[in-house]
Amino acid sequence: MNGWPLLYVPEIPAGYSIPELRLLNTATKEIETIPQKSEYRLYVCGITPYDATHLGHAATYLVFDLIHRYLRATGARVRFVQNITDIDDPLLERAARDSITWEELAQSQIDLFRGDMTDLHILPPDFYMGVVESMSLIISAVQKLIDAGHTYKVNGDIYFRVHSDPDFGTRSKLSHDQMMEIFRERGGDPDRVGKENPLDALVWLAQRPGEPGWESPFGIGRPGWHIECSAIALNFLQSSSDDEYSIDIQGGGSDLIFPHHEMSASQSFSITGKPFSRFYVHAGMVGLDGQKMSKSLGNLVFVSKIISSGFEPMAIRWALMKHSYDQDVMWHHSMIESAAAEIEELRECLSRVDVAPTESVISALISSLSNNLDTAHVVKELKLWIQETKSGKTGGHAGELSRAIDSLLGLAL
Ligand code: ZN
């Protein structure tokens with residue numbers, strides 16, 4: 001599937017050293033240094049195209065865009081893959097509710113998502129892969145699990161035995177009871193009769209009446225959610241035999257830690273015999289006015305609505321950057337208003353010939369990002385530079401700062 005247009009990323013002005021990136025690894029709960037490499041493999045879970053693109057999506061894809069941009073700035077190549085869950089229960093339910101086909105619904109939401117990612121200046125993935133177009137490789141991944149004896153059937157549906165992976169549970173670090181509770185909440189079926197272990201993951205759902213299905217050696221049906229990401233990541237980010245891990249970074253929102261990323265990792269390990277990802281990185285959730293932002297509460301804030309109400313997309317990036325990416329954020333409309341005003345001030349200062357010194361700001365920007373993407377500090381430094389410039393300080397080079405901001409922060413001003 002086509003992603004969205006490639007973006008020009010300016011070079012960082014010469015003379016700045018780019019330290020190794022340190023990020024919070026969910027699997028260790030520690031901030032760890034990502035070892036210097038010439039090439040990184042980044043997999044970020046994509047949307048289920050039935051409600052695109054709300055601020056939670058924007059916050060998540062912004063985080064991985066900043067990581068992508070930083071790793072590129074170190075001189076490395078970044079291979080970046082994202083999936084689209086373009087067949088799944090919520091999509092079928094929403095399409096039935098709205099009396100359209102699931103294909104039409106998916107297409108319209110994917111188009112909207114691509115437009116929003118373009119507006120938000122997110123670097124596109126090298127491979128943007130839908131489940132439907134990846135069906136043969138997902139079927140082949142399920143077949144590998146079957147051949148290795150890691151599956152069993154319940155009334156024609158196929159389940160993966162999560163304890164085939166001795167490390168099951170080590171990335172999310174949850175107790176059995178916590179896993180059970182979250183699994184039940186997030187679409188799992190721990191109470192289904194016939195399962196060997198309540199946490200076992202569905203990898204193939206036999207076709208139900210009135211639902212779409214695809215031919216496979218194990219019957220007509222469709223894949224479970226977690227196996228699609230295992231299959232797409234392993235196929236499009238192939239590792240060499242020297243690589244200790246299948247990929248370098250598995251990313252997504254913190255609501256994917258369990259069960260999605262745990263299950264995908266266990267399935268991938270059971271297919272390859274290699275640990276799946278070196279790092280698991282998660283973006284916090286975005287709430288609204290003191291409440292959780294969710295489809296069921298009907299209080300989702302959409303990127304396209306913010307933009308159509310007159311705010312520029314860069315103000316969304318700026319507003320989200322004011323917070324620690326790994327913490328939940330409570331959104332309020334005033335945040336976009338103040339961000340828009342600050343972006344305007346920054347733009348005005350960057351258009352001046354005489355500006356406050358920029359070298360120290362660029363250095364601070366780089367070192368703050370390297371420190372677990374401390375974007376809140378980046379914003380603080382830039383606001384300080386705006387004040388200094390307005391107060392008449394000189395000696396800086398606006399063009400260089402502008403390039404660094406575009407390159408590393410993705411703020412095209
Ligand atoms: Zn995924």
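Mentor: This is a predicted model. The C-alpha centres of domain 1 and domain 2 lie 30 Å apart. Domain 1 covers 23–283 and domain 2 covers 288–409.

Trainee: How do you know how many residues of each domain take part in the contact?

Mentor: A residue is counted if its heavy atoms come within 4.5 Å of the other part. On that basis, domain 1 contributes 29 residues and domain 2 contributes 29 residues.

Trainee: What is the area buried between domain 1 and domain 2, and what share do carbon and sulfur atoms give?

Mentor: The buried area is about 2,500 Å², and carbon and sulfur atoms give 70% of it. On the side of domain 1, Leu55, Leu66 and Tyr70 supply 27% of the area buried against domain 2, more than any other three residues.

Trainee: Which elements of domain 1 each supply at least two residues to the side that touches domain 2?

Mentor: They are strand 1 (22–25), helix 1 (55–73), helix 3 (102–119) and strand 11 (277–283). Helix 1 gives the most, with 11 residues. The residues of this side divide into 19 nonpolar, five polar and five charged.

Trainee: Why is the pair Arg208 and Asp157 called a salt bridge?

Mentor: The side chains of Arg208 and Asp157 meet at 2.8 Å, N to O; the cut-off is 4 Å, and therefore the pair qualifies. Arg208 lies in the loop between strand 8 (201–206) and strand 9 (221–223), whereas Asp157 is in strand 7, 51 residues apart from Arg208. The count for the model comes to 27 salt bridges.

Trainee: Why is the aromatic pair of Phe127 and Phe236 called tilted?

Mentor: The count comes to nine aromatic pairs. In this one, the rings lie 4.8 Å centre to centre with 35° between the planes. Pairing requires centres within 6.5 Å, while stacked means under 30 degrees and edge-to-face over 60, so this pair is tilted. The pair links distant parts of the chain: Phe127 belongs to strand 5 and Phe236 to helix 6, 109 residues apart.

Terms used:
Residues numbered from 1 in each chain as written. Predicted model: local features only at pLDDT ≥ 70, side-chain atom pairs only at ≥ 80, totals over all residues. Heavy atoms only, no water. Domains from an automatic or database assignment. Buried area = accessible area lost by both parts, 1.4 Å probe. Helix = DSSP H or I, 4+ residues; strand = E, 2+ residues; numbered from the N terminus. Nonpolar A, V, L, I, M, F, W, Y, C, P; charged D, E, K, R; others polar. Phe/Tyr/Trp six-rings, centres within 6.5 Å; stacked < 30°, edge-to-face > 60°.
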